[in-house]
2 protein chains.
Amino acid sequence: MRGIREAKKQATRQAIIEAAVRLFAEKGFEKTSIEQIARAAGIGKGTIYGYFRAKEEIFLAFCEDEIDYAFAALAEKNDPEAPVLEQLLTLFISQFRFVTRNQEFGRLLMREMALPRSTGRAQSRELNGRYVRGVGEILERARGRGELSGCFDPLTAIGHLYALHLLMLSSWYSGYLQNEAEVTAMLRVLLRQALAGIGAEAEPSRAERELLQQLQERTLAAEH
Amino acid sequence: MRGIREAKKQATRQAIIEAAVRLFAEKGFEKTSIEQIARAAGIGKGTIYGYFRAKEEIFLAFCEDEIDYAFAALAEKNDPEAPVLEQLLTLFISQFRFVTRNQEFGRLLMREMALPRSTGRAQSRELNGRYVRGVGEILERARGRGELSGCFDPLTAIGHLYALHLLMLSSWYSGYLQNEAEVTAMLRVLLRQALAGIGAEAEPSRAERELLQQLQERTLAAEH
DNA sequence: GATAAAATTCGACCACGTTCGACTTTTTAT
DNA sequence: ATAAAAAGTCGAACGTGGTCGAATTTTATC
């Protein structure tokens, strides 16, 4: 019976994650102690470190699961034949919602994903890679049906789009964009512009101009 | 004499920063304890918290000073009549060098700037704002001398460029870009494309294609 | 100059994340 | 079946960042 250990181990691991997530959601990440998690999971404090190297890792493990789920849900919701702009918007907004459902969770996750410490690089790249490939597929399909002019470089195109995704999250966390409506409007403009560079058409609009004006004041004003 | 306090206060503050920076550079941020900083600054542990609310804040105060200096140095080095692409590159690379001179410093700083906790928003916006305005000025000058077609929106243009700056740093910390040469080459391509969208011309190249190919493998490959 | 009020300093203290090594349970080898 | 090895468990102990209140120094008032 080689399996007794394996089975227990997975069960314990899951128990830790579940206890942790429940407590994190209740009281926040920083206000939840390792000891409380251990108690809630019915194990000793030190045992946790046999499963996770640090408190943060428990949280990231949970995020990985959540992201799996979110991507699956997205794939179901997304119409692979919709205009490329709409598909990208769906992807970005879904990421936005995930990240902002709990602000603290999202910040920790994004910090680890976008600016990982050297020990977290592999994890970061795995998560980023999934995202990047998601964007790539959308672009590839759009090219396949002629929506994008053929002469674009997939890597740099993805780069631009990924950059906008970072910009969106950063703007949200810095307070430049304050709600989903603003985020959506801003993304629409920026994505359209980026796609124009890639090889779709872009036109300005009216309500958007107003938002831009408003944001301009919020962003460019010097503080002193 | 109302000044005795003020003078001492500034001196102590500076002493803390200097001691902290020296120790951070010697042993790293996390390996340096508050008590060690206090000892090195010749004061008690608790006193530090009269000047800074958290360990991290000591470091950020130092960064602000450094950034002042870096921007001043940049303004001196930068040729305001050079092609817009070169000016942007100078700015981005200077940021890159600052941030990567000490990897750990840079990561902490960028995390605080790009994804601030709510208490750090003001600080984040102040630092970001400086950067954003720097980009804006470069664009404005370029437009003034006709290098950019007049019909671009300054805010979204800055958005795209700022996004690329985030992308660059994230790619470096995730290990996708591994040295300054790669960063420079990649930035050149992406900036040129972004500027084309804004209203300059862009053409591909040869050596760049090779790098892109190489990066594509590094970035898009699925891990399993 | 004396005294009250306010600001500042300090290290003992607290709670926490992480490490350690003694102990228990499971696996492997004979 | 049994012993040795390996893997896993545990809470005491350690070092840390941050708090607190008593003590000290500076400022304000007369």
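What follows is a chat about this predicted model.

Me: How is confidence in chain A, on average?

Reply: Chain A averages a pLDDT of 86. At least 70 is reached by 89% of the residues.

Me: Where in chain A is confidence lowest, and where highest?

Reply: Lowest in helix 9 of chain A, residues 207–220, with a mean of 70. Highest in helix 2 of chain A, residues 34–41, at 97. Where pLDDT is low, the predicted coordinates should not be read in detail.

Me: On to the pair. What rotation superposes chain B on chain A?

Reply: A rotation of 180°, with 0.0 Å of shift along its axis. The RMSD is 0.1 Å. The two copies are therefore related as by a two-fold rotation axis.

Me: And which surface does each copy use?

Reply: The same surface serves both. Of the contact residues of chain B, 100% recur in chain A.

Me: How many residues does each chain put into the contact?

Reply: Chain B gives 43 residues and chain A gives 43 residues.

Me: Which elements of chain B give two or more residues to that side?

Reply: Helix 6 (103–114), helix 7 (121–144), helix 8 (154–174), helix 9 (180–198) and helix 10 (207–220) of chain B. Helix 8 of chain B gives the most, with 12 residues.

Me: What's the make-up by class?

Reply: The side of chain B that touches chain A has 20 nonpolar, 14 polar and nine charged residues.

Me: Why does B:Phe59 count as buried?

Reply: Because B:Phe59 has 22 C-beta neighbours inside 10 Å, and the cut-off is 20 or more.

Me: What is B:Phe59 in contact with, beyond four places in sequence?

Reply: B:Ala20, B:Phe24, B:Phe29 and B:Leu108. The C-alpha atom of B:Phe59 is also 8.1 Å from that of B:Phe105, 46 residues apart along the chain.

Me: Last one, helix 6 of chain A. What's its reach?

Reply: Helix 6 of chain A, residues 121–144, reaches 33 Å from first C-alpha to last. That is close to the 34 Å expected for its 24 residues. Its buried residues include A:Arg125, A:Val132 and A:Leu139.

Me: What follows the helix?

Reply: A:Gly146, with a positive phi near 80°.

Notes. Residues numbered from 1 in each chain as written. Chains lettered and ligands numbered in written order. Predicted model: local features only at pLDDT ≥ 70, side-chain atom pairs only at ≥ 80, totals over all residues. Contact = placed C-beta atoms within 7 Å. Helix = DSSP H or I, 4+ residues; strand = E, 2+ residues; numbered from the N terminus. Nonpolar A, V, L, I, M, F, W, Y, C, P; charged D, E, K, R; others polar. pLDDT = per-residue confidence, 0-100. Least-squares fit on C-alpha atoms with pLDDT ≥ 70 in both. Buried ≥ 20, exposed ≤ 12 C-beta atoms within 10 Å, placed from the backbone. Expected span 1.5 Å × (residues − 1).
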